[in-house]
Amino acid sequence: MKACFYLLLPLLLFTTACEDDDDPVSTEAEISVAFRGEFGDEDLAIQSATYDYPTGEQLKVLLFQYYVSDLELLPADGGDPVQLSDIELVRWMSATEAAVSTKTFTVPTGDYIGVRFGLGVKPELNAQDPNNFPANGTLNENEFWNAAARYVFAKIEANADLEADGTFDTPLTYHMGNDALFTTLTFDQNFSIDGSNDPRLTIVADVLAALSDGTNTFNISNPDQQRVHGGNQAIAIDIWNRLANQFVLEVR
């Protein structure tokens with residue numbers, strides 16, 4: 001009997017060692033977050049597409065951009081938000097750019113109940129100067145107004161054809177930003193991340209919806225309403241509120 005026991009002991013030890021070497025279950029996975037630009041029901045095409053405006057004019061969009069602060073996933077168990085990014089600049093500025101840009105993040109697996117982010121530059125970052133960041137960083141001097149006004153949170157630039165003569169010769173420039181405009185947006189959507197067949201999250205922003213909400217349409221033919229750059233804060237607030245309210249989160 002002793003001989004049999006001695007023969008079985010190495011086999012038992014080998015089996016135990018193999019079990020200990022099993023790879024641990026992964027607790028993280030990669031998830032894609034896409035940002036899509038639109039004008040009405042159409043993909044946003046910078047400098048190339050011609051869009052109909054609700055009051056009869058036509059537009060060509062030259063630039064659309066906005067800052068996103070503290071992009072976060074909200075765990076279903078009520079735990080701390082999972083921060084994907086501290087600050088992002090989402091921008092469409094070239095005719096060669098696609099309507100969708102995608103970023104990839106590594107996050108804990110589990111169940112989530114939504115996405116949250118701040119539209120604009122959060123106050124603690126807005127208080128800093130661009131020389132505190134790399135020249136090619138997200139918060140660089142190109143988006144910095146001055147020491148008093150700080151960063152530009154969002155920009156919409158277009159050329160309009162107001163006379164229906166095929167000439168887009170009226171510039172529209174809407175640059176908005178200050179701490180009072182900073183807006184936190186929360187999107188309630190249930191989804192799970194397990195590293196297999198994970199959902200794609202798409203944040204959709206519509207330039208037209210920032211200018212016209214279906215009931216009220218911004219009057220681009222009024223010369224007093226064709227430019228916001230530091231001044232004209234009543235106009236800036238009007239556009240900003242529509243911009244903040246039009247975002248949509250798609251989970252597919």
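This note goes through a predicted model of one protein chain, from its overall make-up to single residues.

1. Overall make-up. The protein chain has four helices and 15 strands. Of its 252 residues, 43% are buried. Taking contacts between residues at least 6 apart in sequence, 72% of them join residues at least 24 apart.

2. The nonpolar core. How many residues does the largest nonpolar core have? The number is 66, and the residues with the most contacts inside this core are Tyr 66, Leu 71, Leu 73 and Phe 247. Strand 4 gives the most to this core, namely eight residues. In soluble globular proteins, nonpolar side chains tend to be buried together.

3. Tyr 66. This residue is one of those with the most contacts inside the core. With residues up to four places away in sequence not counted, Tyr 66 touches Phe 35, Glu 88, Leu 89, Val 90, Trp 92, Leu 119, Phe 153, Ala 154, Ile 203, Ala 205 and Phe 247. Phe 247, in that list of partners, is also among the residues with the most contacts inside the core.

4. The cavity. Searching the whole structure for cavities of 30 Å³ or more gives one. The largest cavity has a volume of about 40 Å³. Its lining consists of Phe 39, Leu 59, Val 61, Ile 156, Glu 157, Ala 158, Leu 172, Tyr 174, Val 207 and Leu 211. Two or more residues of this lining come from each of strand 4 (58-75), strand 10 (154-161), strand 11 (170-176) and helix 3.

5. Which element gives the most to the lining of the largest cavity? Strand 10 does, with three residues. By class, the lining has nine nonpolar, no polar and one charged residues. Glu 157 is part of this lining, and glutamate counts as charged.

6. Leu 59. This lining residue of the largest cavity lies in strand 4. Is Leu 59 buried or exposed? Its relative accessibility is 1%, so Leu 59 counts as buried, the limit being under 20%. Apart from residues up to four places away in sequence, Leu 59 touches Phe 39, Ala 49, Thr 50, Tyr 51, Tyr 53, Asn 159, Ala 160, Phe 168, Leu 172 and Ile 220. Among these partners, Phe 39 and Leu 172 also line the largest cavity. Leu 59 and Glu 157 are 98 residues apart along the chain, and their C-alpha atoms are separated by 10.0 Å.

7. Thr 202. Strand 13 (residues 201-206) holds Thr 202. Thr 202 counts as buried because its relative accessibility is 7%. Leaving aside neighbours within four places in sequence, its contacts are with Ala 34, Arg 36, Val 248, Leu 249 and Glu 250.

8. Asn 140. The loop between helix 2 (123-126) and strand 8 (144-146) contains Asn 140. A relative accessibility of 10% is why Asn 140 counts as buried. A polar atom of the Asn 140 side chain lies 2.8 Å from the backbone oxygen of Gly 137. Beyond its neighbours within four places in sequence, Asn 140 is in contact with Pro 130, Pro 134, Ala 135 and Tyr 151.

9. Asp 213. This residue is found in the loop between helix 3 (207-211) and strand 14 (227-229). Asp 213 has a relative accessible area of 43% and is therefore partly exposed. Which backbone nitrogen lies 2.9 Å from a polar atom of the side chain of Asp 213? It is that of Thr 215. The backbone nitrogen of Asn 216 lies 2.6 Å from a polar atom of the Asp 213 side chain. Asp 213 and Gln 246, 33 residues apart in sequence, are 8.3 Å apart in space, C-alpha to C-alpha.

10. Positive phi values. Gln 47 is not a glycine, yet its phi is positive, at about 70°. Gln 47 sits in the loop between strand 2 (42-43) and strand 3 (51-52) and, at 42% relative accessibility, is partly exposed. Arg 150, also a residue other than glycine, has a positive phi near 70°. Arg 150 is in strand 9 (residues 150-151) and is buried, with a relative accessible area of 12%.

Note on methods
Residues are numbered from 1 along each chain as its sequence is written. This is a predicted model: local features need pLDDT of at least 70, side-chain atom pairs count only at pLDDT 80 or more; totals for chains, interfaces and linings use all residues. Side-chain values use heavy atoms; hydrogens and water are left out. Buried means under 20% relative accessible area, exposed over 50%, partly exposed in between (1.4 Å probe, protein chains only). A polar contact is a pair of N or O atoms within 3.5 Å; within protein, one must be able to donate a hydrogen and the other to accept it, and residues adjacent in sequence count only if both atoms are side-chain atoms. Contact means heavy atoms within 4.5 Å. On a 1 Å grid over the protein atoms alone, a cavity is a set of points where a 1.4 Å probe fits but cannot get out, and a pocket is an open set with protein on both sides within 12 Å along at least five of seven lines; lining residues have an atom within 4 Å of a point. Grid points are joined across faces, edges and corners, and a volume is the space filled by probe spheres set on the points. A nonpolar core is a set of buried Ala, Val, Leu, Ile, Met, Phe, Trp, Tyr and Cys residues joined through side-chain atoms within 4.5 Å.
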